[in-house]
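Below are some notes on the salt bridges in this model. Please read them with the structure open.

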Amino acid sequence: MTPAARIQASIEVLDRIIEAARHQGPPADRLIAQWFKDHRFAGSKDKRAIREHVYDAIRACGPVPQSGRAAMLGLAEDNAELKALFDGSNYGPAAIQPDETVADDGIAPDWLEDRLIASGVSQEEAESLLTRAPLDTRINRLKVDGALGDLPEAGGPIEGLDALRFPMGTRVEDWDAYALGLIEVQDAGSQTACLAVGAAPGDTVVDLCAGGGGKTLALAAAMQNSGTLIAADTDKRRLSQLAPRAERAGAAIAETILLDPGKEGEALSAWKGKADHVLIDAPCSGTGTWRRNPEARWRLTPDSLDRLTQLQARLLRLGASLVKPGGHLTYVTCSLLDEEGKAQIAQFLDSETGWNAATPELPFGRPHGHGIRLVPHHDGTDGFFIARIGKAC
């Protein structure tokens with residue numbers, strides 16, 4: 001493909017992504033993969049260039065752009081080399097016309113930028129949410145005793161964690177170390193959230209929103225495969241991913257419980273008041289994950305955010321009911337919006353007696369309300385809010 005043809009292909013992919021964002025359709029990575037499947041003539045260099053153009057354009061646009069062409073024109077505004085490819089050549093984009101619509105730049109849609117500002121997120125912190133993320137891995141101490149050994153590529157240690165960081169795009173999934181369960185792909189912020197739980201061998205721990213089980217595996221390692229570990233979620237597809245992952249990682253204590261939405265308490269009744277630790281990695285807006293999913297900021301609406309905050313408050317009450325006297329609840333969101341983090345914990349502590357903030361010492365983050373906030377700008381991690389609260393004896 002010519003460079004101009006790659007631009008036109010990127011425009012076509014962006015049109016699909018914009019349409020999906022407006023109607024809650026498939027995510028960008030799936031749509032990109034489908035386009036490549038439908039256009040097998042595209043070579044590996046073509047695919048790499050198209051993917052980079054698409055994600056660069058998504059990051060460059062604040063509000064949802066009017067079209068893929070408007071998004072690419074926005075990206076080309078300050079890039080003469082890119083703008084020159086709008087030359088009307090065969091298979092390339094049409095020449096730029098006077099007064100053509102160009103997508104607006106910015107961090108996010110205006111209402112969402114306002115929420116970030118109200119949550120104390122600075123311009124530099126907000127901009128860091130749209131940078132490109134490295135690839136972090138956790139060394140699995142259930143299988144690794146001592147040094148990890150040689151890897152196909154050298155990774156830098158992450159201070160404060162038993163982890164290695166590699167450049168973005170490193171294909172660790174192709175390595176023997178990954179296939180053998182010696183390493184797990186996990187952002188340093190997510191690993192930090194697992195540290196906050198304070199799980200130890202012999203404990204009873206409930207991972208209330210386990211999803212695919214990434215944090216469950218880290219908890220099993222912290223518990224040294226000793227104790228009781230419950231991984232619960234309402235998403236059958238994601239929860240089903242845990243069993244093969246646990247087998248590869250050697251995590252032998254994880255028990256899965258599929259929850260019925262709205263009736264979670266019934267399925268977890270046997271654990272009421274018995275858990276040493278409960279982890280709630282709550283469903284959230286994902287504002288802290290824009291480095292990996294930049295189009296997510298186009299999908300969020302005020303109404304969907306309100307629904308999420310209501311769900312988070314309900315999950316907090318549910319999780320609290322499982323904690324035994326003297327135990328702890330760790331509440332985590334990959335969001336920098338205060339209504340999903342700082343305000344949730346403040347409201348819980350104001351309304352519930354017998355609970356107190358028990359903020360742990362962590363290798364990353366800054367105090368924020370009754371918890372800790374992690375931001376790419378300061379910590380090099382995804383954005384997180386982490387709070388740990390204790391139940392009185």
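1. Arg 115 is partly exposed, at 26% relative accessibility (buried means under 20% relative accessible area, exposed over 50%, partly exposed in between, with a 1.4 Å probe and protein chains only). Glu 339 is partly exposed too, with a relative accessible area of 25%.

2. Arg 115 and Glu 339 form a salt bridge, with their closest N and O atoms 2.7 Å apart. A salt bridge here is a side-chain nitrogen of Lys or Arg within 4 Å of a carboxyl oxygen of Asp or Glu. The pair links distant parts of the chain, 224 residues apart: Arg 115 is in helix α6 (residues 110-118), and Glu 339 is in the loop between β9 (323-333) and α16 (342-351). Helices (H or I, at least four residues) and strands (E, at least two) are DSSP runs, numbered from the N terminus.

3. This is a predicted model, in which local features need pLDDT of at least 70 and side-chain atom pairs count only at pLDDT 80 or more, while totals for chains, interfaces and linings use all residues. Residues are numbered from 1 along each chain as its sequence is written, and side-chain values use heavy atoms, leaving out hydrogens and water.

4. Glu 184 lies in strand β4 (residues 183-185) and Arg 248 in helix α12 (residues 242-249), so the pair ties together parts 64 residues apart in sequence.

5. Salt bridges that share partners join Asp 187, Arg 291, Arg 292 and Asp 382 into one network. The count comes to 18 salt bridges.
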